[in-house]
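Hi,

Here is the structure I promised to pass on. Have a look at it first, and then read my notes below.

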There are 2 protein chains.
Amino acid sequence: MTESSALLTDQYELTMVQAALLSGAAHRRCVFEVFARKLPAGRRYGVVAGTGRLLEGLQRFRFGTSELDFLSSTGVFDDETLHYLSGYRFSGTVLGYAEGETYFPHSPVLRFEATFAEACVLETYVLSVMNHDSAIASAASRMTVAADGRPCVDMGSRRTQEHSAVAAARAAAVAGFTATSNLEAGRQFGLDTLGTAAHAFTLLHDSEEEAFRAQVEAFGPGTTLLVDTFDVETAVRRAVEIAGPELGAVRLDSGDLVEQAHWVRRLLDSLGNTSTRIIVSSDLDEYAIARLASAPVDSYGVGTRLVTGSGAPTASMVYKLVERDDDAGTPVPVEKASAGKTGRAGVKHPVRTFDEHGIAEAEVLGVGGEPNTEGSSARSLHVPLIVDGELRPGHTGSEAVRTARERHAESLAELPAQAHRLSDGDPVIPTIFS
Amino acid sequence: MTESSALLTDQYELTMVQAALLSGAAHRRCVFEVFARKLPAGRRYGVVAGTGRLLEGLQRFRFGTSELDFLSSTGVFDDETLHYLSGYRFSGTVLGYAEGETYFPHSPVLRFEATFAEACVLETYVLSVMNHDSAIASAASRMTVAADGRPCVDMGSRRTQEHSAVAAARAAAVAGFTATSNLEAGRQFGLDTLGTAAHAFTLLHDSEEEAFRAQVEAFGPGTTLLVDTFDVETAVRRAVEIAGPELGAVRLDSGDLVEQAHWVRRLLDSLGNTSTRIIVSSDLDEYAIARLASAPVDSYGVGTRLVTGSGAPTASMVYKLVERDDDAGTPVPVEKASAGKTGRAGVKHPVRTFDEHGIAEAEVLGVGGEPNTEGSSARSLHVPLIVDGELRPGHTGSEAVRTARERHAESLAELPAQAHRLSDGDPVIPTIFS
């Protein structure tokens with residue numbers, strides 16, 4: 001993808017730059033923070049995801065001839081603005097929560113320090129990436145928690161926009177999903193891809209037997225056979241007959257999965273196929289996965305509810321100006337003061353504090369400086385992502401996904417045990433401004 | 001966008017092709033249908049959208065060197081399959097509901113006729129595009145209905161994935177939205193774009209007055225000033241003082257919009273600004289828009305709830321094999337027969353019937369042939385989109401969005417009046433298999 005990402009934005013980001021170039025305020029040094037005022041209803045924690053994708057996309061945030069020609073054609077933008085945009089390159093600094101880290105209401109998951117013009121034009125793009133990916137990762141984390149070690153596989157591509165599908169696969173991987181059905185996600189992010197056959201493959205053939213034989217011939221006995229196109233019991237017996245004791249797995253994609261998993265397991269075992277796995281994949285979400293905990297299921301294929309954030313398809317993060325210089329170069333904290341949606345002026349310094357057992361106690365946000373966490377064990381949450389326009393290593397590419405997945409597991413393990421409960425609850429640690 | 005769309009798909013589409021090439025069934029002529037088994041809970045109709053985007057994307061559905069190299073690297077695919085994919089080009093026929101048309105449970109919104117291999121590989125991509133865009137258009141249509149002629153503007157880009165944002169803007173336009181904040185959607189689909197300033201622009205300046213002056217200087221008095229950063233009344237008076245009687249609009253983005261709209265209108269009128277419009281944009285959905293019907297509001301900016309489908313972020317359409325040839329070339333209707341998710345075998349011929357006043361009565365699906373609609377006025381719902389691999393004119397590009405918007409308005413006008421009710425209900429016309 002070498003395409004420019006610069007028009008994936010709202011027009012007002014650029015009209016604001018135009019007016020600010022005119023007023024002279026465009027070059028004031030500003031600090032913008034990305035945060036969610038609250039978690040989706042009932043959620044106990046959120047998961048930061050999309051950081052790597054964002055940092056990759058920002059490298060392509062350039063206004064080339066095609067973008068400038070379009071902007072010019074709208075008749076909205078003057079020559080000074082177009083000239084400014086033609087040389088646009090983010091030269092500021094970005095700090096943020098490391099990808100995979102958990103977050104809470106008001107956690108400043110990203111901080112942008114740059115001139116107004118440089119930071120302003122990024123708002124929409126930053127939020128699009130972070131709101132989507134964090135929403136998916138936050139839902140995915142509840143699913144992997146519910147799965148309690150059994151592998152979860154993303155199979156949701158068809159239930160979301162085609163490029164969202166790729167991003168969702170990546171976000172799910174951050175939250176512990178082990179593979180995806182999406183090939184582009186495999187190519188772009190080095191994720192493991194999976195998939196064998198749908199009902200159409202069975203229906204295409206003159207009989208289920210012919211279909212199973214074709215699949216086993218193509219992929220060997222270790223393949224996964226879909227056994228619910230006609231009668232499940234007949235199909236399982238047929239699958240074992242054709243693939244033998246090496247049959248990799250059977251997949252159940254409809255009906256009462258708990259009940260079926262039990263008797264299919266017994267049937268497989270009675271036929272000697274004790275190592276043939278059972279994969280289930282019908283309308284699963286974290287609750288359905290939890291209900292299957294006692295059933296002899298080996299892995300979960302999750303679709304619709306993963307890619308739609310299991311009821312919370314956006315993380316509702318905002319990108320707010322919290323400080324800007326005055327004409328003398330002195331930083332001035334700022335906030336919206338009208339009814340509703342109030343902000344909190346000043347730059348936040350986020351720290352997570354821990355009790356003597358290493359369990360997280362609070363999200364402490366120092367306003368205007370480092371918070372005083374004397375007497376507590378504490379971990380600073382901001383890491384440098386871009387410094388003076390230079391991308392810091394380790395936050396992009398396939399490697400970053402693996403690192404983020406490990407970080408997520410560690411961050412989750414530090415939270416109080418009730419973080420693992422699926423029932424509606426409050427954020428498991430309080431956010432304290434200090 | 002000249003990038004290949006061919007990996008925006010699930011791996012199993014390609015493994016099925018591989019196994020079918022081996023069994024010889026890959027070249028059997030097949031018919032796949034795209035339909036939703038049901039509408040989202042409470043919805044009275046759905047809106048077909050994405051068709052134009054899909055047809056454009058299918059022109060880029062090619063396996064080039066980069067795609068083939070990746071597939072080869074997975075170790076899953078054999079040479080015969082890679083060779084088949086290297087020459088892949090859809091040469092079949094696609095019929096479908098014209099974009100913008102309303103649909104109901106089981107409406108066959110698209111029909112693909114091709115060999116198994118040619119049609120199978122498209123499944124995921126087709127569903128990703130149609131499920132997303134139709135979900136957004138279906139929500140957007142309820143919003144434009146609630147707005148009852150007042151303009152609705154898409155401002156949701158930041159609350160969905162960056163490419164979904166572009167698609168959502170287009171889908172909203174199909175359902176009657178008049179403009180979008182998204183610049184890429186303006187470029188790609190010729191949509192009108194809008195946007196002036198956010199709270200950050202006011203906070204950037206030393207005073208609201210300076211910010212307003214800068215904006216009016218940059219864009220003239222006809223601009224839209226955001227008046228809720230500090231005190232709304234002060235801001236409205238200041239806006240009028242600075243921009244004069246020509247002030248285009250004020251925007252309210254927080255608080256009780258109904259109450260504010262009333263007194264802001266009176267205030268504007270008392271200051272002589274009777275033609276200054278009021279734009280509202282805070283957490284709107286179809287219900288909030290309906291509540292604002294009696295308030296003096298001139299247009300609606302809709303964000304989160306638009307791009308997340310107002311509670312239904314996917315249209316849940318499926319892509320099902322309903323007929324395939326046997327070895328003798330005789331078409332055989334097929335369907336899944338196991339518990340749940342049952343299909344209905346055979347090719348459907350969709351017709352909408354009307355009463356003597358031209359109001360839709362039923363969605364009649366002739367199974368295996370044209371339905372008998374004698375005695376009713378009726379309209380056939382399938383139009384040719386691709387014939388023997390050739391794209392039919394008129395279904396892609398900017399022009400297609402305008403055509404689809406008109407068609408949507410016409411299709412909606414034909415539905416029984418209760419289609420316009422926002423309360424939960426059943427589909428407004430029954431689906432009848434005939």
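In this predicted model, β17(A) and β18(A) make a hairpin with two residues between them, and Asp388(A) in the turn has a positive phi of about 50 degrees. Strands here (E, at least two residues) and helices (H or I, at least four) are DSSP runs, numbered from the N terminus. β17(A) and β18 (residues 390-391) of chain A pair in the antiparallel sense over two bridges; two strands pair if DSSP finds at least two bridges between them. In that pairing Ile386(A) stands opposite Leu391(A). β17 (residues 382-387) of chain A also pairs with strand β3 (residues 93-97) of chain A, antiparallel and over four bridges, and there Ile386(A) stands opposite Val94(A).

A word on conventions: residues are numbered from 1 along each chain as its sequence is written, and chains are lettered from A and ligands numbered from 1 in the order in which they are written. As the model is predicted, local features need pLDDT of at least 70 and side-chain atom pairs count only at pLDDT 80 or more, while totals for chains, interfaces and linings use all residues; side-chain values use heavy atoms, with hydrogens and water left out.

Chain B has an open sheet of six strands with parallel pairing, in the order β7-β6-β11-β10-β9-β8. Its edges are β7 (179-180) and β8 (224-226) of chain B, each with a single partner strand, so one side of each has no neighbour in the sheet. Within this chain, β6 (residues 152-154) and β11 (residues 299-302) run parallel and are joined by three bridges, with Val153(B) opposite Gly301(B).

Now to the interface. In contact (heavy atoms within 4.5 Å) are 98 residues of chain A and 98 residues of chain B. The two chains bury about 8200 Å² between them, 58% of it on carbon and sulfur atoms; buried area is the accessible area (1.4 Å probe) that two parts lose on being put together, summed over both. In chain A, the residues that lose the most area to chain B are Arg158(A), Leu183(A) and Leu204(A), together 10% of what that side buries.

How many salt bridges cross between chain A and chain B? The rule (a side-chain nitrogen of Lys or Arg within 4 Å of a carboxyl oxygen of Asp or Glu) finds 14 across the interface. In one of these pairs, Arg28(A) meets Asp206(B), with the closest N and O atoms 3.0 Å apart. On the side of chain A that touches chain B, helix α1 (residues 11-23) gives the most, with 11 residues.

Over all chains, the search finds 56 salt bridges. Arg158(B) and Glu123(A) form a salt bridge, their closest N and O atoms being 2.9 Å apart. Arg158(B) lies in the loop between β6 and α7 (162-174) of chain B and Glu123(A) in helix α6 (residues 123-147) of chain A, so this pair joins two chains.

Finally, an unreviewed UniProt entry places "domain: Nicotinate phosphoribosyltransferase N-terminal" at residues 7-131 of chain A. Positions follow the numbering used here, feature names are shortened, and annotations may be inferred rather than shown by experiment. This span is 42% helix and 18% strand, and its end C-alpha atoms lie 18 Å apart.

Best wishes
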